[in-house]
Amino acid sequence: MTRPASGSTPLARQSSRIRLVSTSLDFQNSWSIIWLLHTSIVDKQTMATLTSCLRAARPIVRLTAPRVQRRCISAYGYEQAKVLAFKDYGEPKDVLTLHGHSISPAHGDLVTLKFLASPINPADINQIQGVYPSKPTFTTGLSTPDPIAVGGNEGVAEIISVGTGVKGFKKGDWVIQKAPGSGTWRTHSQTNTSNLVLIKNKDGISPIQAGTVSINPCTAYRMLQGFSDMKKGDWFIQNAANSGVGRAAIQLGKLWGYKSINIIRKRESGTEELKKELEDMGADIVVTDEEAMEKSFSKQVKEWTSGGKEQVKLGLNCVGGKIVTSMSRVLSEGAHLVTYGGMSKQPVTLPTAQLIFKNISFDGFWVSKWSEQNPADKIKAVEHVLDLMREGKFRDVPLQPVEWNWNTKQEELVDAVQGTLGGFRSGKGIFVFKNT
Ligand SMILES: NC(=O)c1ccc[n+]([C@@H]2O[C@H](COP(=O)([O-])OP(=O)(O)OC[C@H]3O[C@@H](n4cnc5c(N)ncnc54)[C@H](OP(=O)(O)O)[C@@H]3O)[C@@H](O)[C@H]2O)c1
């Protein structure tokens, strides 16, 4: 501890000492207060002042509080934050670490955010592995000697303080990231408002809904609207129908009057239950991948589509491999087959006849690029889906929430990330921030 300047009065010495102690401890927990009282010669009046200062800085601090790890709040308004980050590409379990840093008070057009919910999407894992085309931002700005990148690309946060130059955003607003890459697996962050999309109306939606709206539902939304001229009564066919995107496509398609053929992978148990779950959501037909690869599948599709009078105008491919060949066979002339994922890691092989005689188009879609090029359309899609959620017309994907508190251990967070690419999961992982 630094000594007070010589020649100062006893009271000045005392308050100087108190200030130094409280600064260095950052009001870490109530034990620091007890320690302070034991080591300082504090008169009654200074004690009262000190107690009220501590109460104002952190009302929940009590002298008799039990010994629990508490989050640090700086005496100067610095936010203490934690991030799940990596400095090298690799498997999440090998490269992710939990790192703490502090955030200075917001100034200018900066806002300080407290995250509420951030999902763990398959693309996040590919990004950590270094195999995803969009690279995260590596920075030394979070007080590390080597540059690190924060994991995650989607999530919702609440604004907890704003700089004096901020316009159009206020404390308490909910925001989502305009573009991926800034890292959402973090308790807090500070950013410029130009990187954020304001959730204009947060009434009636949960943090989990707001935190999962911008990638999967928007991908389904755009693929259903942007490729084929879909009209009421038209069909689309998709694989990985139980994925986040697949479930969004089923529900949006139903609302817009499209009919759907949905392919899921056969599982050891629970296949029929999953079929029923998707039907309850609005799927017209649900088949397994084995059923869709049988010779009779084309004949069945003809029956479902009134002898082929109703058109299968669109295919959505999340998987790749042989299943896409089967899907392409049942598409109508002039249809589009849009690939947006490659979960099987198998290439897409197509019968040449589909190209020559049926003039089917094979397209790709990437929501990141589309959002970058069409920011207004992206916001429109987000707001539309949020409205549907509010009205109870859009169900959440099954989730496995992982609570993130100030003292949550690194292993718990990393374990939640590591399993994401494994198949047959009962729900998508999502960090839900509580007492951070
Ligand atoms: N291009 C874009 O803009 C865009 C946007 C959003 C998502 N995506 C991609 O879409 C995919 C799904 O994302 P999501 O968030 O919707 O995922 P999700 O909810 O976690 O679902 C994963 C899906 O992939 C299936 N799957 C897993 N491993 C598989 C394998 N080896 N072979 C075949 N299917 C497998 C799962 O089926 P089981 O239940 O049978 O395991 C499940 O249907 C990811 O590849 C993601 O990167 C792309």
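Me: Which residue, with a positive phi, follows H5?
Reply: This is a predicted model, in which local features need pLDDT of at least 70, side-chain atom pairs count only at pLDDT 80 or more, and totals for chains, interfaces and linings use all residues. Residues are numbered from 1 along each chain as its sequence is written. Helices (H or I, at least four residues) and strands (E, at least two) are DSSP runs, numbered from the N terminus. After H5 comes a residue with a phi near 85°, namely Gly-130.

Me: Which residues of H5 are buried, and why do they line one face of the helix?
Reply: A residue is buried if 20 or more other C-beta atoms lie within 10 Å of its own, exposed if 12 or fewer, and partly exposed in between, with C-beta atoms placed from the backbone. In H5 the buried residues are Asp-124, Gln-127 and Ile-128. They line one face because, seen down the axis of H5, the buried residues fall within an arc of 100° (the arc of the directions from the helix axis to the C-beta atoms).

Me: What is included in the cover of the buried residues of H5?
Reply: Contact is counted when two residues have C-beta atoms, placed from the backbone, within 7 Å. The cover of the buried residues of H5 includes strand E1 (79–86) and helix H4 (92–95).

Me: How many residues of E1 are buried?
Reply: E1, which is among the elements covering the buried residues of H5, is itself mostly covered. Of its eight residues, the number buried is seven.

Me: What is the strand order of the open sheet that contains E1?
Reply: Two strands pair if DSSP finds at least two bridges between them. E1 runs antiparallel to strand E2 (residues 97–103), with seven bridges, and Glu-79 has Ile-103 as its bridge partner in E2. E1 is also antiparallel to strand E4 (residues 149–150), through two bridges, with Ala-85 partnered by Val-150. The open sheet has three strands, of which E2 and E4 are the edge strands, each pairing on one side only, and the order is E2-E1-E4.

Me: Which residue of E8 is the bridge partner of Val-175?
Reply: In strand E6 (residues 174–177), Trp-174 and Ile-176 point one way and Val-175 and Gln-177 the other way, and all are buried. Three antiparallel bridges join strand E5 (residues 156–162) to E6, where Glu-158 stands opposite Trp-174. E6 also pairs in the antiparallel sense with strand E8 (residues 196–198) over three bridges. The partner of Val-175 in E8 is Leu-198.

Me: What percentage of the residues in the protein is buried?
Reply: The protein has 16 helices and 16 strands. Among its 436 residues, the buried share is 35%.
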